[in-house]
Structure formats: structure tokens, C-alpha cells
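Dear colleague,

Please find below the structure that I am handing over to you. My notes on what was found in it follow directly after.

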Amino acid sequence: MDMAKRQKRIIAAVIVVLLLVLGIFKYASLVLPIGLSFYVFQSMGYCIDVYRGTAETETNFFRHALYVSFFPQLLQGPIGDYNRLSPQIFQEHEFSYRNAVYGLQRAAWGFFKKLVIANQISLVIDGIWADYGSYTGFLFWWCILVLYAFQLYADFSGYMDIANGCAQMLGIVMDENFETPYFSKSIAEFWRRWHITLGTWFRNYVFYPILRSDICSGIRKKYRKRNAYLANTLPDAFALLVVWFLIGLWHGAGWCYVAYGLFHGTFVILSVVLSPIYTAFHRKFSKLVESRGFCILQVVRTFLIVAFGYAIFRPADLTVTAEIIRRMTNGIGLHEMLNFGKENIKIFFEIFIGMAALLYADVYHLGHREITLRETISEYPAWKRWGLYIGFLLCIIFLGAYGKSGLDQFAYFRF
Amino acid sequence: MGKFYRKLAALSVVTLLISVVVFSSVFFGIRGIYADNYQKGFVYQYRALQKADQNKPKIIVLGGSYMTFAVDSRQLGEESGMPAYTLGIHSGMGMCYILETAEKFIGKGDIVIMPFFPFTENDYGMDLIFVSMDSEPDLFFDFFRQHPLQVIKSSGAAAYTKLYGLLYSLQRYIRHKEDGSASVVYNAGAFDPDTGNLIYERTGCIAGEQDLYIKKVYEINDIDTNCYNELNEFAEFCKGKGASFYLTHAPIFEGAVISSDEEINLYQEELEERLPVPFLSDLREVLMPLEYIYNGAMHMNDAGKRYYTHKLYEDLSKYIDFSKE
């Protein structure tokens, strides 16, 4: 047997074994080790990179184990790239005051997001999800979906800030997983800014290999002369369909997760399929498309689609999703929404403060690519800077929700 | 690295000091804003137990609001001829907290009764506990001694709640308005300060359908195993003190229960197996008609209270000869 064939068989066997491990724990209703999907995917990515010759073979088991189980990323990612992460992990590090301070600040920001925003929203809406049958109304359910969108973002990105902050304190820069995702103008852009490392993983190890596969080459060949549009679009649409099906499945074994993946996939595939129409529209109405109003409209539209997707994702049961959609279309629900707000006004005040800080940080990030908010703050006079830090910590202590059961979990631990 | 640690320590100490100052000024400085609160009922009950003659056997009934709405300690005392007390006005305070508080008052010959209601191991409703301890430093320091970590973890939220409560009180004062219709019964004035009994006049049923037909299912698997452990430990504690501990079932509107007879039988059998404490009554005996219900499926009106209290006495009489007590 020649070397190439042997290597192909070995990598196939490795992938099968890793998927079996994941499948047995995740899809056979066994106790799921926290973060299993993350480190299985990281291991798989590394093996494929070695097979492709783009990463060095690590012969030291302990060094490999350190790469896979580096503690900040172990529970919820980011799914690290070997070539970027391993040199940093294995090299010696001198203590850096700047890294230690910035890392600590970032971790504190993550705690703020988790405790002041995500946990407070969880206190308000968890009961609604558990007792979904008692609530109706269009406005009421949209309010819950929007709140959940912020909860999930604050929870997941909060964990990332804690993980990246811890790593930065040790002098290690991990991949970023979020890039102000709710300011995206399309679903495809949203997934380039939300859970970035998962999207990158699927792009590198699923999407491109499918595009390069014999099936896609065959389709391209078949239509190249007859219809250039189909020759380009069909392989893309097919690869995207597979990717989104798998992204759904990555989240869990239920059909709800497959539906969630395909829900997002449908919008992405539609954007590819309808791209000639979009291009023509953009050309004809270039001024309108470039206007601020149109951009805001696109951002709002994308956010609403994403928020609606959570009606599939959060209940983890399609019958519940169907019932929620039914209840959503049953009346306006203004009275229910106002009552809900009135009953939880104290918590909403806390959430408002947290959200205002988060929005400010995200908007600042969008408008100041060249300098981060932390760098700006570090240039403040000492009294202002220290006042800000202490005030921020007091906000976490007095406005955060902690110490109650159920609040010590992160949403993506279950994956 | 030294500079980093020094600055980190300074930041931590300053933040901690400010937190302690803020918490102390809010918690001990702002007083009385919960004076008219429903939680005051718990303080009345606690004080009544404190005043009780600890050398004389007594009856103590524990529970959440389902108990407060259904048990009149004065009536139970008169019927049984023993001094009777209640403790617990809200399940949200946590049954662990109520059991733990009751332990201070349990002595030889006492009869302790609890209408069973499932709870979890870490059942401490800190928001409500803080409210009840608001003007009662002895209660606060007692609890702090036993659960320092729990107090520290929830003190931030408690201070915020109190500041918010202050704003709310000011708003009410400015508007000269009552607290709202529901608060008439959920108010300190609804309790007898001497006994902690809910004496607010409750005639007829004022609950809406949503609060009545709650589709209650009695399912043994819904009960946290820690609940059994806590209750069995509590039973051991009572035994050690020479007191008798009995369980019964919380009253509930008959239309609220959707479990079948077989399901209820199975639930009771399994419950009795896991909790080797005598159950005073069958669950079906406390499924109450609408005429006994007040503002929720588990909240009795005055007629329901009289009925349930009398039934409690009768059930107890099967185990205890009150003529000898």
C-alpha cells in the first residue's frame, strides 16, 4: 500500500474514532463530559492539519494533551488552531504587567456580562420558557426572544472574555469568538461574527473539502458550458447545506438542533442563490444601499431572524417551538408584555445598566478599530481610571445575580 | 509582578471596603421600609415562639404560605389544649431556613407538624430572608453565624433590593397611594402581631381561573432526594430532642389536581417509604372544595382555615391523647 493511501486510511480512522467518542457520549444519552464537542473538534482539526502537512506532528503526548486541554478553552472553546496556539503554549513566558492587567480586566468584563446581564435575564425568563403554555401574544414572545438573544450573547461571549482574559494573563492570545455579532447585516455575516472559531472550523474542514470533492467537481463540470450560474451556485449550495446540517447536529442530537442549523442555513443558501438579484439591486440602488437607514434596516432584520431562530434553539423540542409560534400568533400580547415588565421592573433596571455598558462597548468597538476601549481607558488619569474600575467591580457585586442555584452554569457547557 | 500584585491587592481591598460600607449603610442605615411587609408575619411568628414557655410541651406547625392560609394556631391551641404556634409564611423563604429556624424552639414533648411540600437542599430564599431580617438584627446575626458565605453571596443583591425598595416607598409616599389590591392580604397588617396568624378577613374565593386550575400532578420523581434527606435529618433532630414529628399534606383546591387516584396512591406509598415519619392524613382528604379557597389553589379562606385546622386537630388526635396532655 502506498504512503498516501495509508495516511488517508489512518486519518479516516482517527476521525471515525473521534466522532464515535463524541457520538457515544453526546447522542447516546450518556453523561456528557463538559465541553466534549469543543475538544473533540480541536483534536480532529489538528489531525487533519497534520495529514494535510500544514501542522507539525507532535510526538510528545503531554504537549499534545496540553494543546487540547489548555484550561481556559477546555469548557466552551474557542476551538483553537494548532499553528496559532501551540507556539504560544510551548514557549517560555516572562511576566508581562500589561498582559496581566489587560487579562484581568477582560476577565472582569466577562464576569460583568455573565452576572449582571445573562444571569439577571435568566432569572426573568427561565420561568417563562419552563411554563411556555401559560403565555401568549406576539409582542410578549418577541420580547422574550429578544431578551434571550441578549442573554445568550452575554453568557457565551462573557465566558469567552473570561477564558481569553485568563489566557492573556499567562501571555497567550487565543482566537476571538465574537465580533459584535448583533450588528451584522446578513445571516452569513452574523456567522462570521458569532462563534467564529466554530464557523472557521467548518469552513476549513467541511465546506472547502466538499467544494473540492468529486461530487462538486462533477456538478461544476456538468454545468460549466450550459449554465455558468448553476455551475457556480449548485456546489456552493450543496456544501452549505451539508455544513449547516452538521452545525445543527454539532449542537445536539435532536431534530430541533438540525432544524436550527437548517433555519440559518436556508438564509445563507438563499443569499448565495439570489446573489445575482442582490447584485443587480445594489447596482441600481447603490445610494440607498449605502445609506445609514438601509444599514440599520439590514441590522434589525438580521437580528430579528436570529432572535426568531432562538425559538427553535432554546426549547430544544420542536413541539414546544411549534406551540410557542402558535402562541406568538395568538393576539398582540401588549398587556402581557407590560405586566411582565411591571412585575420584573427591579431586575430590568439592573439589566438595563448592564445592557447600556455592553452596547457602549460594542458600539465603541465598531467605531474605533484602531484602538480598543481598554487602551482608551488606560490613558485616563489615575483617579478616573481607578474610579471606573472600582465602580465597575461594585456594579458586579451589587447588580450581579449569583449565589443562586442554576446560575453557575454557562449556556454552552452542554455542548 | 510585585507591582501587579500590590495594585491588585489595593483594588480588592478598596472594593471590599466600599462594598462593606455600602452594604452596612444600606442594610442597617435604611430601616423600616419593610415594616408593613408580608414578611413581618414571619417575625411575629418567630417572636411568639421566643416568648413561649420552652419547658412546656407545645405544637409547632411549619410550612409555607399554604400553611399560613390554612392553620390558625389559636384555634388549634384551644381545641388541643396545648399551646400552638405556626412558623413560615412563604415557601420562597425556603423550607430549609424554616426547619432550621424551628430547631431553636423544639423541646421535649413538643409536637411538630409539617404539611409536606417538596423543596431542594439549598432551599434558602435569600431575598425574602433578608426582608424578614430587615429590622431584626438578632435574626440577621444568628443567620450570619450559621451561613456566612450565603449572606456574603447575597448581600449585594439584598442591598440593591433595599435601595430599590426605598425608591418604591418614596414613590408611594409621594403618590399617597396604597400598595395595590393584592397587597391587602400580603401585608404586615394582615397578621396578628401576637401569634403571627393571618387574621385578615378572607371570605369567599377571589382567585381567577388561571390561579385555581393549576394542573397539579403528584409525581414522586419531581421530588429532590435532598428533600428526603433534610426531612429525615429533621425527624432525627426532633427525636433527639424528645419531640414528635408528623407530616401531613398541604391543602389544595380539588379542581387543581389532575392526578388520578392510582397516581395519588402510588405517590403516597412511595413518599411514606422514603420518609419514615407518620403521615397524619390521606392526600385526598385535603383536596378542598371551591368554597374553602381564597386567592389561589393552595390558599384557604377563613372557612377553609377553620376546616383544615380542625382536621389537623382530629388527625393528630388519632396519634395523641390530648386529654392527657
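A cavity, as the word is used here, is a set of grid points where a 1.4 Å probe fits but cannot get out, and its lining residues are those that have an atom within 4 Å of such a point. Please also keep in mind that this is a predicted model.

With that definition, the structure holds six cavities of 30 Å³ or more. The largest cavity has a volume of about 90 Å³. Its lining is made up of Phe116(B), Phe117(B), Pro118(B), Lys216(B), Tyr218(B), His249(B), Ala250(B), Ile252(B), Tyr267(B), Leu283(B) and Met298(B). By class, nine residues of this lining are nonpolar, one is polar and one is charged.

The second largest cavity has a volume of about 70 Å³. The residues that line the second largest cavity are Phe27(B), Tyr34(B), Met126(B), Asp127(B), Phe130(B), Val131(B), Ser154(B), Ala158(B), Thr161(B) and Lys162(B).

Which elements supply at least two residues each to the lining of the second largest pocket? In chain A they are helix H6 (97-130), helix H7 (138-169), helix H18 (345-367), helix H19 (373-378) and helix H20 (382-399), and they are joined by helix H1 (2-29) of chain B. The most is given by H6(A), with 11 residues. In the lining of the second largest pocket, 29 residues are nonpolar, 10 are polar and 10 are charged.

One pair of helices deserves a separate paragraph. Two packed helices are described by the angle between their axes and the distance between the axes. For H7(A) and helix H16 (residues 318-328) of chain A, the axes come within 7 Å and cross at roughly 130°. H7(A) and H16(A) are therefore oblique to each other. On the side of H7(A), the residues in contact are Phe138(A), Trp141(A), Trp142(A) and Leu145(A), and they meet Ile324(A), Arg327(A) and Met328(A) of H16(A). This contact of H7(A) with H16(A) has six nonpolar residues, no polar residues and one charged residue.

Finally, here is each chain as a whole. Chain A has 20 helices and zero strands. Its radius of gyration is 23 Å, close to the 22 Å that the globule rule gives for 415 residues, so chain A is as compact as a globular protein of that length. Taken along the principal axes, the C-alpha atoms of chain A fill a box of roughly 70 × 55 × 50 Å.

Chain B has 12 helices and eight strands. The globule rule gives 20 Å for its 325 residues, and the radius of gyration of chain B is close to this at 22 Å, so chain B is as compact as a globular protein of that length. The C-alpha trace of chain B spans about 70 × 50 × 40 Å along its principal axes.

With kind regards

Methods: Residues numbered from 1 in each chain as written. Chains lettered and ligands numbered in written order. Predicted model: local features only at pLDDT ≥ 70, side-chain atom pairs only at ≥ 80, totals over all residues. Heavy atoms only, no water. Helix = DSSP H or I, 4+ residues; strand = E, 2+ residues; numbered from the N terminus. Nonpolar A, V, L, I, M, F, W, Y, C, P; charged D, E, K, R; others polar. Axes fitted to C-alpha atoms, helices over the stretch in contact; angles between N-to-C directions. Parallel < 35°, antiparallel > 145°, perpendicular 65-115°, else oblique. Contact = heavy atoms within 4.5 Å. Rg over C-alpha atoms; globule rule 2.2 N^0.38 Å. 1 Å grid on protein atoms, 1.4 Å probe; cavity = no way out; pocket = protein on both sides within 12 Å on 5 of 7 lines; lining within 4 Å. Points joined across faces, edges and corners; volume = space filled by probe spheres on them.
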